[in-house]
Amino acid sequence: MKEFIDKTTTQSGTKIDRAAMMAVQGFEAKTTIMKSDGSIEEANSAGEKLTTKFEGNKVIETFVGVKTITKTTTFNADGSISEVLS
């Protein structure tokens with residue numbers, strides 16, 4: 001399958017194969033640790049980590065791999081939910 005180039009990168013492309021497609025669907029070997037501070041840390045076989053922290057009305061997810069991406073989900077007082085990527 002052809003590689004594609006993400007608009008936010010300078011790399012030559014991303015390998016797309018069965019393992020990558022299965023990982024997109026959530027089928028990937030990983031280790032999950034429930035930490036004493038209430039956060040959750042997940043690590044996959046590539047060494048990438050997803051950390052989930054709970055702070056009041058917010059859930060902060062930080063993915064660290066080739067790039068670091070953070071998603072903050074806020075449960076607002078009016079019942080709406082805001083999600084911000086940074």
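Okay, Glu 41: buried, at a relative accessible area of 18%, where buried means under 20% relative accessible area, exposed over 50%, and partly exposed in between, with a 1.4 Å probe and protein chains only. Glu 41 also makes a salt bridge with Lys 49, and the closest N and O atoms there are 3.8 Å apart. By salt bridge I mean a side-chain nitrogen of Lys or Arg within 4 Å of a carboxyl oxygen of Asp or Glu. Lys 49 itself is partly exposed, with 38% relative accessible area.

Before I go on, the caveats. This is a predicted model, so local features need pLDDT of at least 70 and side-chain atom pairs count only at pLDDT 80 or more, while totals for chains, interfaces and linings use all residues. Numbering starts from 1 along each chain as its sequence is written, and side-chain values use heavy atoms, with hydrogens and water left out.

Now the overall picture. The chain has 1 helix and 6 strands; these are DSSP runs numbered from the N terminus, H or I of at least four residues for helices and E of at least two for strands. Reading from the N terminus, you get α-β-β-β-β-β-β. The 6 strands make an open sheet, order S1-S2-S3-S4-S5-S6, with antiparallel pairing. Pairing here takes at least two DSSP bridges between two strands. S1 and S6, which is 81-85, are at the edges with a single partner strand each, so one side of each has no neighbour in the sheet. On average, neighbouring strands of this sheet are turned by 15° against each other, direction ignored; the axes are lines fitted to C-alpha atoms, for helices over the stretch in contact, with angles from 0 to 180 degrees between N-to-C directions.

S1, residues 30-34, pairs antiparallel with S2, residues 40-44, over 5 bridges. Lys 30 has Asn 44 in S2 as its bridge partner. The hairpin of S1 and S2 has 5 residues between the strands, and in it Gly 38 takes a positive phi near 95°.

Next pair over: S2 and S3, again antiparallel, with 4 bridges. Which residue in S3 is the bridge partner of Ile 40? That's Thr 52, sitting in S3, residues 49-55. Is Thr 52 buried or exposed? Buried, because its relative accessibility is 9%. Leaving out residues up to four places away in sequence, Thr 52 touches Ser 39, Ile 40, Val 59, Ile 60 and Glu 61, a contact being heavy atoms within 4.5 Å.

Glu 61 brings us to the other charged pairs. Glu 61 forms a salt bridge with Lys 71, closest N and O atoms 3.8 Å apart. That pair links distant parts of the chain, with Glu 61 in S4, residues 58-64, and Lys 71 in S5, 10 residues apart. Both ends are partly exposed: Glu 61 at 23% relative accessible area, and Lys 71 at 28%. Lys 71 also meets Glu 83 in a salt bridge, 3.5 Å from N to O. Glu 83 is in S6 and Lys 71 in S5, so this one ties together parts 12 residues apart in sequence. Glu 83 counts as exposed, at 54% relative accessibility. And back where we started, salt bridges with shared partners join Lys 35, Glu 41 and Lys 49 into one network.

Staying on S5, which spans residues 68-75, have a look at Ile 69. Ile 69 is partly exposed, at 43% relative accessible area. Its contacts, not counting residues up to four places away in sequence, are Glu 61, Thr 62, Phe 63 and Ser 86. C-alpha to C-alpha, Ile 69 is 7.1 Å from Leu 85, and the two are 16 residues apart in sequence. Together, Phe 63, Ile 69 and Leu 85 form a nonpolar surface patch with about 280 Å² of accessible area. Patches take residues with over 30% relative accessible area and no salt bridge, joining like charges within 9 Å and nonpolar side chains (Val, Leu, Ile, Met, Phe, Trp, Tyr) within 5 Å.

Last, the totals. Of the 86 residues in the chain, 15% are buried. The accessible surface is about 6,800 Å², and 57% of that belongs to carbon and sulfur atoms; areas are Shrake-Rupley with a 1.4 Å probe, and for residues only the protein chains shown count as cover. Among contacts between residues at least 6 apart in sequence, 3% join residues at least 24 apart.
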